[in-house]
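Have the viewer ready and work through the points in order.

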Amino acid sequence: MHTRSAHRSLLVVGSVALDDIDGPFGMHRDLLGGSASFIARAASYFTRQVAVVAVVGDDFPARHVDELAERGVDVSGIERRPGETFHWVGKYADNLATRETIDTRLGVFAEFAPKLEAHHRKAELVLLGNIDPALQLDVVRQVERPMLVAADTMNLWISIKRDDLVSVLRKVHTLMLNDEEARQLAEEHNLRNAAAKILKMGPTSVVIKRGDAGALLFHGGGSFAAPALPLADVRDPTGAGDSFAGGFLGYLAYAGNFEPETIRTAMIMGSVMGSFAVEKFSVDGLRDLSAERIQQRFDEMAELVRFEGVRL
Ligand code: AMP
């Protein structure tokens, strides 16, 4: 990576969860999950200034927080409260492409109303992980002068909290969501037209994630497609989108500018981090990575889409 690192600060607000994941590889219980868990780990490979604001219950294993701290992540905003940690149960189809939510137990998340500490309010980049848009709005209002605000969302919030989500969009530079969610939010089947509609709702760029078909970026500078690496061994797609977001924002924090070319590179970095995440359960695929391994996958991506120009 030749860009000189700027190491801007990145504040991540999201869920920290315990997940039960069912699917072709059997049932795995009480795995570390939650949007913030994946985002912070993925971003921590790019910038030393990642901070997490989240809530966990008193049943949450301390080692998960310690491990994040060992990666240099500021965990002072992870509040521990009496009660059960947010628990999500998901089941994947045999093709690993579709999943359904079997159960969601909010636990301490139901009362989550983050009050940011002074140093968190000074964050330069903010990533609002997939949580209730009313909370996303509350958080973004507390950040003093963010250079870039990105947000993720999901079908649930588009269905039941549309007005709050529309308010969040007015404060967001980059919206990240999957293709079905983009269609649902824009009420438009064609993805390009859906993106154009979403851009009119506030964000200056929209990233549409399409699972193993890669991701599309739409912004003023046109559009860009990042492929997903064809992997030989995919175990657990949970957190792929969050790891993409962590790689994307982490790289922007590292680069320190949001030029169209930098955003394209960030798209590839997002796809690289998503590819690591899906190879193992929980956050295991994001453990013990190195700049060399990330660089190697980045180069594989470049090779995957390299082609010669022609003049017909
Ligand atoms: P992804 O696969 O990137 O969509 O993210 C999956 C993670 O999102 C899982 O680890 C879940 O714990 C978390 N999650 C699922 N539903 C919700 C929700 N309603 N609010 C917050 N986090 C959630």
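1. Which residues line the second largest cavity? A quick caution before the answer: this is a predicted model. The lining is made by Ile-21, Asp-22, Gly-23, Pro-24, Phe-25, Gly-26, Tyr-92, Leu-96, Arg-235, Asp-236 and Phe-281. Sorted by class, that gives six nonpolar, two polar and three charged residues. The volume of the second largest cavity is about 40 Å³.

2. How many cavities of 30 Å³ or more are there? The count is two. The largest cavity holds about 50 Å³ of space. Around the largest cavity you will find Val-16, Leu-32, Ser-37, Arg-41, Phe-60, His-64, Val-65, Leu-68 and Ile-78. Helix 1 (35–43) and helix 2 (62–70) are the elements that each give two or more residues to that lining. Helix 2 provides the largest share, with three residues.

3. On to the pockets. The second largest pocket has a volume of about 180 Å³. Its lining comes to 13 residues, and those nearest the centre are Ser-44, Tyr-45, Phe-46, Thr-47 and Ala-291. Seven of the lining residues of this second largest pocket are nonpolar, four are polar and two are charged.

4. Next, have a look at helix 9 (residues 240–255) against helix 10. Their axes lie 7 Å apart and the packing angle is about 140 degrees, which makes helix 9 oblique to helix 10. The two helices cross in a right-handed sense. From helix 9, the residues in contact are Ala-240, Ser-243, Phe-244, Gly-247, Phe-248, Tyr-251, Leu-252 and Ala-255. Helix 10 answers with a list that includes Thr-262, Ile-263, Ala-266, Met-267, Gly-270, Gly-274, Ala-277 and Val-278. No charged residue takes part in the contact of helix 9 with helix 10, which has 13 nonpolar and seven polar residues.

5. Helix 10 (residues 260–278) also meets helix 11 (residues 291–304), with the axes coming within 10 Å and crossing at roughly 115 degrees. Helix 10 and helix 11 are therefore roughly perpendicular to each other, and this crossing is right-handed. On the helix 10 side the contact uses Thr-265, Ile-268, Met-269, Ser-271, Val-272, Met-273, Ser-275 and Phe-276. Their partners in helix 11 are Arg-293, Ile-294, Arg-297, Phe-298 and Met-301.

6. How are helix 4 and helix 6 oriented, roughly parallel or roughly antiparallel? The axes of helix 4 (residues 133–142) and helix 6 (residues 162–169) come within 8 Å and cross at roughly 30 degrees. Helix 4 and helix 6 are therefore roughly parallel, and their crossing is left-handed. Pro-133, Ala-134, Gln-136 and Leu-137 of helix 4 touch Asp-164, Leu-165, Ser-167 and Val-168 of helix 6. By class, the contact of helix 4 with helix 6 has five nonpolar residues, two polar and one charged.

Key:
Residues are numbered from 1 along each chain as its sequence is written. This is a predicted model: local features need pLDDT of at least 70, side-chain atom pairs count only at pLDDT 80 or more; totals for chains, interfaces and linings use all residues. Side-chain values use heavy atoms; hydrogens and water are left out. Axes are lines fitted to C-alpha atoms, for helices over the stretch in contact, and angles run from 0 to 180 degrees between N-to-C directions. Helices (H or I, at least four residues) and strands (E, at least two) are DSSP runs, numbered from the N terminus. Angles under 35 degrees count as roughly parallel, over 145 as roughly antiparallel, 65 to 115 as roughly perpendicular and the rest as oblique. A crossing is left-handed if the near helix is turned anticlockwise from the far one by less than a right angle, and right-handed if clockwise. Contact means heavy atoms within 4.5 Å. On a 1 Å grid over the protein atoms alone, a cavity is a set of points where a 1.4 Å probe fits but cannot get out, and a pocket is an open set with protein on both sides within 12 Å along at least five of seven lines; lining residues have an atom within 4 Å of a point. Grid points are joined across faces, edges and corners, and a volume is the space filled by probe spheres set on the points. Ala, Val, Leu, Ile, Met, Phe, Trp, Tyr, Cys and Pro count as nonpolar, Asp, Glu, Lys and Arg as charged, and the others, Gly among them, as polar.
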